[in-house]
Amino acid sequence: MNKLIINFLLSLKNSALYSKPILYFTFKLEYLNYLNLLYNEGFILFFLFKIKTKKLVIALNLENQYNLKFLKFLSTPSKKRSLRLENLYKLYAKISLVVLSTSKGLITSYTCKNLKVGGQALFIC
């Protein structure tokens, strides 16, 4: 996870902390996988890309039980943390949501258990 993605996720967290539901970003292709994951998990209501201005508009879901206010990074560019499948079963999935980077792409800990794969733990919400 590079600094661009970390700054992007921190911007989302700060918007959730201050109850600002709409965000505007300059579109970067690196954001797309994270946006799809956050949309599928219910953190984001919608996101759209304006072609003429190359702007990305994101609407946060502030009513979700797993809110982006509680986002915490587990891996940084200098310190990577990996979780094996055995360690994933020890996590209590009801408390928080863990996002991992695996050979299957960006997926949650629940999906990792179903696919029986481990990976690099990126962040927790």
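A residue counts as buried when its relative accessible area is under 20%, and as exposed when that area is over 50%. Keep that cut-off in mind for this predicted model.

Start with strand β1. Its side chains alternate along the strand. Leu23 and Phe25 point to one face and are buried. What does β1 pair with? It is joined to β3 by five bridges, and the two strands run antiparallel. Look at threonine 26 to see the pairing: it stands opposite lysine 55 in β3.

Now step back to the whole chain. It has four helices and eight strands. From the N terminus on, their order is α-β-α-β-β-β-β-α-β-β-α-β. The C-alpha atoms fill a box of roughly 45 × 25 × 25 Å along the principal axes. Of the 125 residues, 40% count as buried. The chain exposes about 7,700 Å², and carbon and sulfur atoms supply 55% of that area.

Next, go inside. In soluble globular proteins, nonpolar side chains tend to be buried together. Here the largest nonpolar core has 27 residues. Which members touch the most others? They are Leu9, Leu12, Ile58, Leu68 and Phe123. At least two core residues come from each of α1 (3-17), β1 (22-26), α2 (31-40), β3 (55-60) and β8 (119-124). Helix α1 gives the largest share, six residues. Take leucine 12 as an example. Beyond its neighbours within four places in sequence, leucine 12 is in contact with Leu23, Phe25, Leu38, Ile58, Leu60 and Leu68.

Finally, follow the chain towards its other end. Among contacts with a separation of 6 or more, 60% join residues 24 or more positions apart. Glutamine 120 sits in strand β8. Along the chain, glutamine 120 and methionine 1 are 119 residues apart, yet their C-alpha atoms are separated by 9.7 Å. Which residues does glutamine 120 contact, leaving aside its neighbours within four places in sequence? They are Ser75, Lys80, Arg81, Ser82, Val99, Leu100 and Ser101.

Terms used
Residues numbered from 1 in each chain as written. Predicted model: local features only at pLDDT ≥ 70, side-chain atom pairs only at ≥ 80, totals over all residues. Heavy atoms only, no water. Core = buried A, V, L, I, M, F, W, Y, C linked by side-chain atoms within 4.5 Å. Buried < 20%, exposed > 50% of the residue type's maximum accessible area, 1.4 Å probe, protein only. Contact = heavy atoms within 4.5 Å. Pairing = 2+ DSSP bridges. Areas by Shrake-Rupley, 256 points an atom, 1.4 Å probe, with all protein chains shown as cover.
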